Each structure stands twice: as C-alpha cells, then as structure tokens.
Amino acid sequence: MDTSSKENIQLFCKNSMQPVERPSFKTEYSSSEKKQPCCSELKVFLGALSFVYFAKALSGGYLKSTITQIERRFEIPSSLVGVIDGSFEIGNLLVITFVSYFGARLHRPKIIGAGCLIMGIGTLLIALPQFFMEQYRYERYSFSNSTISTSPCLLESNSQLTTSVMEKSQSKINNECEIDPSSSMWVYVFLGNLLRGIGETPLQPLGITYLDDFASEDNVAFYIGCVQTVAIIGPIFGFLLGSLCAKLYVDIGFVNLDHVTITPTDPQWVGAWWLGYLVAGVISLLAAVPFWCLPKSLLRPQSKEDSSSSSEKSTFIMGDQTECQTTHREKAKMMEMARDFLPSLKNLLGNPVYFLYLCASTVQFNSLFGMVTYKPKYIEQQYGQSSSKANFVIGLVNIPAVALGIFSGGIVMKKFRIGVYGAAKIYLGSSVLGYLLFLSLFALGCENSDVAGLTVSYHGTKPASYHERALFSDCNSRCKCSETKWEPMCGENGITYASACLAGCQTSTRTGKTIIFHNCTCVGIGASISGNSSGMVGRCQKDNECPKMFLYFLVISVITSYTLSLGGIPGYILLLRCIKPQLKSFALGIYTLAVRVLAGIPAPVYFGVLIDTSCLKWGFKRCGSRGSCRLYDSHAFRHIYLGLTMLLGIMSIFLSTAVLFTLKKNYVSKRRIFRTMRERTVVSTRISKENCTTSDHLLQPTWVGKETQL
C-alpha cells in the first residue's frame with residue numbers, strides 16, 4: 001500500500017508539475033525567439049503594402065494625365081474616354097465582395113501578391129495597342145522635298161485631275177477601312193483598366209486588416225498613416241511622369257522625329273502616352289514579389305492576446321459567448337450573420353445622419369471626380385497650354401495642396417479634440433468656403449481663339465454662325481477644300497484658319513520644319529491690307545491676357561483644393577462616430593460601394609457627354625466616322641465644366657447642412673440625456689457600494705463555508 005501510494009504521488013506530481021514548469025519555460029523561450037522575426041516580417045509587409053499603394057496611385061494618376069492623349073490617339077469623344085476611366089471602378093466592384101469575404105480566410109499576402117500581378121498585367125495591356133496600331137497620322141500639309149513649292153489650294157483648272165485623284169484616294173480609304181483594326185483598339189485600354197481595378201481590390205480590405213491583426217494597438221494608426229501618406233505621393237509622380245511622356249512624340253523610336261512638323265502645343269499633338277504604362281506596369285509587377293515570401297499569419301502582440309475586445313470583428317461575430325470555438329458554432333454564427341444582413345442594412349440606412357452624409361459625400365465626389373478627370377483637358381483648351389505643362393502643374397501644385405489639406409484637417413481634429421458635432425461643422429465649413437472660392441474661376445477664363453468660319457467670320461467680325469458650311473467663303477470658293485480636315489494655319493492677321501486651303505493660299509514653301517504659305521486670299525481680306533497674305537503652320541496664340549489668367553487660375557485652384565481637403569478627415573470621423581460600433585465595417589463598405597457606383601463610374605461619363613456639346617470642330621477618321629474634337633468653344637466649355645462642378649457642390653452643401661441640423665437635433669439632446677443618466681448611475685453606484693460594505697460581514701463567512709465544502 002505504501003509503494004502504490006508513493007507511485008500515485010509521483011505520478012500526480014509529474015502530471016501536475018510539468019505543465020507549470022517545462023512548457024511555460026519553453027513557451028517563453030519560443031515566444032522571445034520568434035518575437036524579433038515577427039516584427040521584421042510585419043515591417044516587410046508594411047513596406048511592401050506601402051510600395052503597392054504607391055504603384056496603384058502612380059498608375060491611377062498617370063491615367064488621368066493621359067486622358068486627352070488617349071482621346072486623340074484613338075479618335076474617340078470625351079464621353080467614351082469617361083467610360084474608359086470608369087472601368088477601373090467597374091473591375092473593382094466585380095470582385096470586391098468575394099475578395100473581402102473569402103480573402104480573410106485564405107493566405108492574405110499571397111492574394112495581395114496575385115492582385116499586384118493582375119494589376120501589373122492590366123497596366124501593361126493598356127500600352128499594348130501602340131505596338132499593333134499604325135503610326136499616328138495627324139492632319140498636316142506634307143512635302144516630298146524641302147525645296148519644292150506647291151499649292152495648297154487646288155484650283156478649278158485642275159478639277160479633272162483633282163476628281164480622279166480624289167476618286168482613287170476614296171477607293172483606297174474604303175479598302176483601308178475594311179482591314180483597319182485600329183478603330184476599336186481602345187477596347188484594350190478599357191480591358192486593361194478593368195484588370196487594374198480587379199487587381200487593386202484586395203489591397204485595402206486585406207492589407208489594412210492584416211496590419212490591424214498583427215500590429216500592436218499603439219502602432220496600427222501610425223502604420224495606416226504611413227500607407228496613406230505614400231498613397232498620396234503616388235499621383236504626384238504619376239502626373240509628373242505624364243508631363244514627361246507628353247513632351248515625347250507618340251511614335252518615338254518608330255519614326256524619324258525630324259519629319260514631325262507639329263509641336264506639343266498643337267491640338268493634334270499626341271505624346272508617348274504608352275511609355276508611362278510600361279513603367280507603371282513593371283513597378284506593379286515588382287511590388288508583388290515580397291508578398292509571396294510572407295507567412296499567412298504572424299504572432300499576435302501580447303496586448304491583443306490579453307485584451308478581451310481586441311478587434312471589432314471578434315466582438316461582432318462572437319459577442320459575449322467567447323467560449324464557443326467549435327466549427328459548428330462558427331457556422332451557426334455565420335448563418336445568424338446572413339440572417340442579420342438585411343436588418344443591419346435597414347438599421348444603417350435608417351440612421352438619418354449616416355444616410356444624409358452618404359448622400360452628401362456621393363454628390364460631392366461626383367463633383368470632384370468629374371473635375372479632376374477633365375482638369376488637364378480644361379487647362380489645355382481654356383488657356384492654350386500643352387498637355388505636358390497641364391500635367392506638370394497638377395502633379396507639382398494641386399496634389400500636394402490636397403495632401404496638405406488632409407494632413408491639416410487631421411492635426412486640427414487631434415489638437416483641439418473636436419467631437420462629432422464639431423467635425424460636422426468643419427466638414428460643412430470647408431465645403432462652403434471651398435466652393436465659394438471655386439465660384440471665382442468663372443471670371444478667370446480666356447476668349448475664344450479667332451478661327452475663321454467658326455468663332456469669327458472671314459472678315460474678322462464676331463460672332464460667326466457655328467456650322468461646318470461657315471468654313472466656306474467667297475475668298476476660298478475657287479479652291480477644292482475639304483470641310484472635315486483640320487490643318488490649322490495662323491495668318492499674319494492673327495486669325496487661325498482650319499486649313500491652308502480654306503485660307504485660299506496659292507503657294508507654300510518649307511525650310512526645315514517651318515512651313516510658310518503665301519498669296520492667301522482670305523488672309524488678305526481679313527487684314528484689309530493688300531499683299532499681307534501669308535501664314536504659318538499652327539494655331540495663333542491666344543490673347544495676351546490669357547497667361548495672366550492662367551496664373552490667377554493656378555493660385556485660386558490651389559487654395560480651393562486645400563480648403564476642400566480640410567474636411568476630409570473630419571468627414572471620415574463623422575462617418576465612424578454616427579453609427580453603432582458593431583456596424584462600423586459594414587457602414588464603411590456601403591459607403592465605399594455607394595461612392596464608386598454612384599460617383600466613380602457615372603461622373604466621368606456625363607461630364608464627358610456635356611463637354612462634347614461645346615465642340616466647334618470635330619475631327620474625322622479615315623472611314624468617315626466622327627473622331628475626337630479639334631476645337632472647343634471656350635465660353636461653353638468653361639460654363640459646362642465649372643457650372644456642373646459648382647451645381648453638384650451646392651447640392652452637397654445643402655445635404656451637409658441637413659446632416660448638421662439632424663446631428664444637432666438627435667445627438668446633442670441625447671448627450672444631455674446621457675449626462676443625466678450618468679449622474680444617476682454614479683449616485684446609484686455609490687449607494688450600492690455602501691450597501692455592499694455594510695453586508696461584508698455576512699457574505700464573507702458564507703463564501704468561506706462554500707470554499708471549505710469544495
């Protein structure tokens with residue numbers, strides 16, 4: 001009996017002591033040993049995610065900078081360019097639900113890496129048409145020899161020869177139209193941008209949650225701030241890259257640039273739009289490499305393991321039943337979440353503050369998306385600037401102002417500890433002040449260029465009737481000219497003519513890249529001086545006040561961008577604090593979905609459709625179909641572009657005002673009730689403590705007795 005009792009005691013000691021000593025020592029050793037690799041892998045993930053955000057923002061900014069280049073290269077209207085621009089949002093929405101739901105259960109770094117590969121392939125696909133299309137053909141009077149003198153105006157005496165030549169050229173054009181695939185090459189740009197949207201999908205839902213799961217609570221905000229800061233820097237480099245590529249001719253490396261007779265200031269100029277997509281595509285592919293080397297999960301920080309409410313996800317899914325860890329219970333919870341989807345959506349949209357803020361943000365983003373998409377085009381057409389300069393100004397001036405405004409809004413919220421009601425005031429105030437400043441841009445426009453038959457008559461009087469037949473006049477009636485061609489020539493009288501033929505020019509010479517036309521009958525009429533009838537290739541410069549107006553436009557635009565951006569962080573805080581904590585993720589998802597579906601996709605399209613209505617002279621493809629616009633009415637363009645932006649901004653201001661009043665009505669009164677209830681709770685707690693103190697002598701012996709029995 002003694003031996004067996006000793007063995008039982010030894011067995012009991014082994015079973016009871018080993019879990020206390022050896023495993024605990026081993027756990028401490030292993031955790032300390034793996035602590036450093038965990039931190040380094042998390043920092044690698046942070047750097048890789050920041051680089052991916054930079055690559056995504058770089059390609060997105062570059063796409064905005066090439067809007068006009070794509071429009072001219074593929075001979076498509078602005079409305080179709082808007083569809084191409086919105087394809088990114090379409091691709092994102094196609095898979096965001098599946099990626100967000102199933103991606104959290106799979107290997108998140110590898111899914112992000114796969115998304116980077118898709119994004120890189122899509123970016124490279126956008127540049128693919130350049131290598132399959134024919135060389136870019138701009139409408140320009142050509143010479144076979146630099147010393148020959150030819151006549152742009154084909155006179156009636158040569159009508160028989162002219163007719164035969166035109167018949168041959170027409171038959172040649174018809175044959176080319178049957179085999180020319182370049183008319184639909186823009187589809188590759190659409191599909192490439194669609195793939196970019198699909199590849200970008202896992203970055204935010206999986207990348208940010210990965211950081212939130214495995215970083216300490218003190219570092220999460222800092223890490224997310226680093227990622228967002230790098231994301232703001234991306235568009236700056238995107239627009240600067242667009243400025244550089246816009247200076248290079250589209251077929252650089254394929255043609256002899258000495259034979260190119262147009263300059264970057266010409267409205268027909270197309271830069272090397274495809275070159276930047278190759279750079280951005282390679283960067284996206286390189287960004288995918290680190291994610292394939294990262295583990296599925298890392299060691300959680302001790303602070304998150306110890307906390308009972310470490311994440312919103314665990315609180316929302318598990319609730320108070322933390323002991324339910326089995327697969328059956330998880331499936332039951334998933335079914336419960338599925339049944340609660342519609343009630344949660346109804347609860348969310350039934351929140352008046354959230355619903356009004358959602359409407360206000362959607363309307364304001366319609367205004368901002370349309371304005372940003374066509375801002376380079378507006379600068380080119382309104383102020384006569386080149387695509388390169390327009391992109392350079394936006395990338396180096398406007399985008400840093402937006403970044404500074406967002407940063408300043410966050411600093412103000414933190415320093416003054418502004419609550420939800422104060423955040424609503426800042427959001428509304430920044431919108432009101434920003435759009436008031438934006439209103440002044442209506443007065444900073446330039447006059448239309450004097451174009452004979454379009455904006456002025458051939459005698460230089462205003463206004464002219466805007467129709468194609470107005471291009472013909474008595475001074476060019478003897479010439480066999482095409483009304484569809486756009487080969488602008490600047491006469492010495494300061495008037496631009498659609499072509500040298502329509503200017504009635506009899507002879508022309510070329511010296512190097514300079515082409516001079518002589519004996520132009522229409523130029524002599526416009527100048528009212530005999531003999532002053534020559535002209536040069538290209539459009540005439542706008543009036544002398546236009547450069548000054550452009551400078552004022554830049555100053556007001558920068559201040560407006562900064563002011564509107566001040567409300568970014570306060571609006572985000574308002575969104576998070578006006579809803580229940582358990583619906584926070586769902587509310588952000590609905591918000592993102594609404595902004596992309598109702599603003600990101602339609603805004604560039606209807607902005608482009610309305611901008612097309614201000615076109616005075618359309619270009620035509622070889623097949624005879626309408627191409628891109630050659631000349632816009634500056635006044636109509638300005639009123640459509642600025643007016644539509646301002647109208648949407650005013651609508652968002654009214655909705656933001658409704659948010660403020662609703663917040664004041666619902667939440668300020670509830671805050672008073674909460675204070676009253678809190679005071680009552682303090683009093684009741686004090687009374688209960690006193691009761692507990694007086695009954696301690698009764699409770700203690702009872703508890704000891706129970707413990708003794710156990």
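## Salt bridges

This model has 8 salt bridges, each a side-chain nitrogen of Lys or Arg within 4 Å of a carboxyl oxygen of Asp or Glu. It's a predicted model, so local features need pLDDT of at least 70 and side-chain atom pairs count only at pLDDT 80 or more, while totals for chains, interfaces and linings use all residues. Residues are numbered from 1 along each chain as its sequence is written, and side-chain values use heavy atoms, with hydrogens and water left out.

Take Asp85 and Lys64, whose closest N and O atoms sit 3.0 Å apart. Asp85 is in helix α3 (residues 78-102) and Lys64 in helix α1 (residues 2-65), so this pair ties together parts 21 residues apart in sequence. Helices here are DSSP runs (H or I, at least four residues), numbered from the N terminus. Asp85 is buried at 7% relative accessible area, and Lys64 is buried at 18%; buried means under 20% (1.4 Å probe, protein chains only).

Lys377 bridges to Glu71 at 2.8 Å between the closest N and O atoms. That links distant parts of the chain, 306 residues apart: Lys377 in helix α15 (residues 375-383) and Glu71 in helix α2 (residues 67-73). Lys377 is buried at 4%, Glu71 at 1%.

Then there's Arg596 with Glu89, at 3.5 Å from N to O. Arg596 belongs to helix α21 (residues 584-600) and Glu89 to helix α3, so parts 507 residues apart in sequence get tied together. Both residues, Arg596 and Glu89, are buried.

Key: Helix = DSSP H or I, 4+ residues; strand = E, 2+ residues; numbered from the N terminus. Buried < 20%, exposed > 50% of the residue type's maximum accessible area, 1.4 Å probe, protein only.
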